[in-house]
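This report walks through a protein model together with its ligand, moving from the whole chain to single residues. Please keep the sequence and the structure at hand while reading.

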Amino acid sequence: MASVQAVQTMDSVDTAARTVESSPRPAVAALTGVTKRYGAMTALDGISLSLRPGEVLALLGPNGAGKSTSIRCLLGLIAPTSGTARVFGQDPRNASARARIGAMLQVARIPEAIKVKEHIDLFRSYYPQPLPVAEIVRIAGLEGIEDRQFGALSGGQKQRVLFGLAVAGDPDLIFLDEPTVGMDIEARRGLWAQIRALAARGKTVLLTTHYLEEADALAHRVVVLNKGRVVSEGTPAEIKSQASGALGRKIRCHTGLSDETLWSLDSVTAVARQGDVVTVTSVRAEAVVREMLRRDEGLANLEITSPALEDAFLEITKG
Ligand SMILES: Nc1ncnc2c1ncn2[C@@H]1O[C@H](COP(=O)(O)OP(=O)(O)OP(=O)(O)O)[C@@H](O)[C@H]1O
């Protein structure tokens with residue numbers, strides 16, 4: 001069981017320190033060459049992706065990119081037009097595979113007149129070895145609302161209940177389709193801590209989100225989809241560095257160098273001033289900084305930043 005201590009420990013882990021064993025253990029779930037067509041609309045266009053044990057994989061992409069369709073194929077809710085979906089090495093419709101899966105979907109509709117605790121009891125009954133009710137209530141932060149009807153809850157509280165139902169069966173693989181929509185910042189951070197705690201217990205999580213800082217904060221790996229194809233894949237840091245190749249990095253400092261001099265340096269694409277602070281953008285930031293320090297001994301308050309994941313995402317999916 002995840003203890004509060006484990007949650008707190010994981011919370012303090014630095015993003016860069018998140019690693020997942022890269023051994024060739026079989027994938028927990030995989031789409032291989034999957035195309036999904038709805039009439040003339042191609043929702044997935046030959047995509048392959050796989051989930052490794054114990055990782056949090058974030059699926060990013062603009063509206064209509066194919067994120068929910070990917071999840072629905074992996075859940076066995078829809079069949080690929082071609083290609084294969086496998087979960088624990090089996091067809092996702094196989095009952096023994098399903099018993100190890102939990103899901104929180106965007107379109108989840110559950111009866112409004114039923115109490116939270118009754119929903120939990122019902123979901124627990126679907127699984128062979130569910131978590132104790134008190135554990136589900138604690139993980140999903142449902143203390144005090146167990147006896148309320150689902151329909152009487154706020155949007156954020158409903159999301160927490162759906163998360164609780166997704167983990168009720170103590171599944172090894174959890175799909176979370178935009179899990180923090182409608183949550184305030186505190187609730188969102190609480191859910192992040194729980195997702196980290198799940199991964200720390202060896203659970204595998206596939207998450208879709210439009211909150212790019214969420215992927216940055218949680219994911220071991222990010223797969224970016226656009227128009228049904230995988231357009232980028234890597235750690236959040238790798239995705240950002242791919243984009244810094246195209247976008248450049250920003251060098252901020254106090255310097256006496258003129259705009260003209262700054263523009264003359266290696267691969268500079270922008271020079272901006274705000275008060276005393278100069279911001280220079282270049283894809284060869286190290287070379288530019290070396291040259292700036294050589295020419296200006298008084299250069300101070302130096303700071304170099306990579307594009308945010310948000311900028312990287314827009315760059316990768318534009319066009
Ligand atoms: N049942 C369906 N019938 C027809 N077209 C569909 C159906 N389901 C999805 N699509 C289309 O397939 C494409 C991919 O949809 P999908 O829901 O997978 O995207 P998404 O990345 O999850 O988008 P969003 O971020 O808006 O949730 C979209 O163009 C969508 O309109």
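How much accessible surface does the protein have, and what percentage of it belongs to carbon and sulfur atoms? The model, which is predicted, has an accessible surface of about 15200 Å², and carbon and sulfur atoms account for 50% of that area. Its secondary structure consists of 12 helices and 13 strands, and 45% of the 319 residues are buried. Where contacts are made between residues at least 6 apart in sequence, 67% of them join residues at least 24 apart.

**The ligand and its shell**

Around the ligand there are 14 residues, of which Asn63, Gly64, Lys67, Ser68 and Thr69 come nearest. Sorted by class, this shell holds five nonpolar, seven polar and two charged residues. Strand S2 (41-51) and helix H2 (67-74) each contribute at least two residues to the shell, and the largest share, three residues, comes from H2.

| Residue | Protein atom | Distance to a ligand oxygen atom |
|---|---|---|
| Asn63 | polar side-chain atom | 2.8 Å |
| Gly66 | backbone N or O atom | 2.9 Å |
| Lys67 | polar side-chain atom | 2.7 Å |

The ligand taken alone exposes 630 Å², and the protein buries 63% of that area.

When residues up to four places away in sequence are not counted, Ile195 touches Val56, Phe163, Leu176, Val205, Leu207 and Leu218.

Helix H11 spans residues 285-295, and its buried residues are Ala285, Ala287, Val288, Val289 and Met292. An α-helix has 3.6 residues a turn, so residues three or four places apart point the same way.

**Positive phi values and a buried glutamine**

Which residues other than glycine have a positive phi? Glu178 is one of them, with phi near 50 degrees, and Lys227 is another, with a value of about 50 degrees. Glu178 belongs to the loop between strand S6 (173-177) and helix H7 (185-200), while Lys227 is placed in the loop between strand S8 (221-226) and strand S9 (229-234). Lys227 counts as exposed because its relative accessibility is 57%, a value over the 50% cut-off.

Gln157, in helix H6 (residues 155-167), has a relative accessibility of 18% and therefore counts as buried. Its side chain reaches the backbone nitrogen of Ser154 at 2.9 Å, and, with neighbours within four places in sequence left aside, Gln157 is in contact with Ile145 and Arg148.

Note on methods. Residues are numbered from 1 along each chain as its sequence is written. This is a predicted model: local features need pLDDT of at least 70, side-chain atom pairs count only at pLDDT 80 or more; totals for chains, interfaces and linings use all residues. Side-chain values use heavy atoms; hydrogens and water are left out. Helices (H or I, at least four residues) and strands (E, at least two) are DSSP runs, numbered from the N terminus. Buried means under 20% relative accessible area, exposed over 50%, partly exposed in between (1.4 Å probe, protein chains only). Contact means heavy atoms within 4.5 Å. Accessible areas come from the Shrake-Rupley method with a 1.4 Å probe; for residues, only the protein chains shown count as cover. A residue is near a molecule or strand if one of its heavy atoms lies within 4 Å of it. A polar contact is a pair of N or O atoms within 3.5 Å; within protein, one must be able to donate a hydrogen and the other to accept it, and residues adjacent in sequence count only if both atoms are side-chain atoms. Ala, Val, Leu, Ile, Met, Phe, Trp, Tyr, Cys and Pro count as nonpolar, Asp, Glu, Lys and Arg as charged, and the others, Gly among them, as polar.
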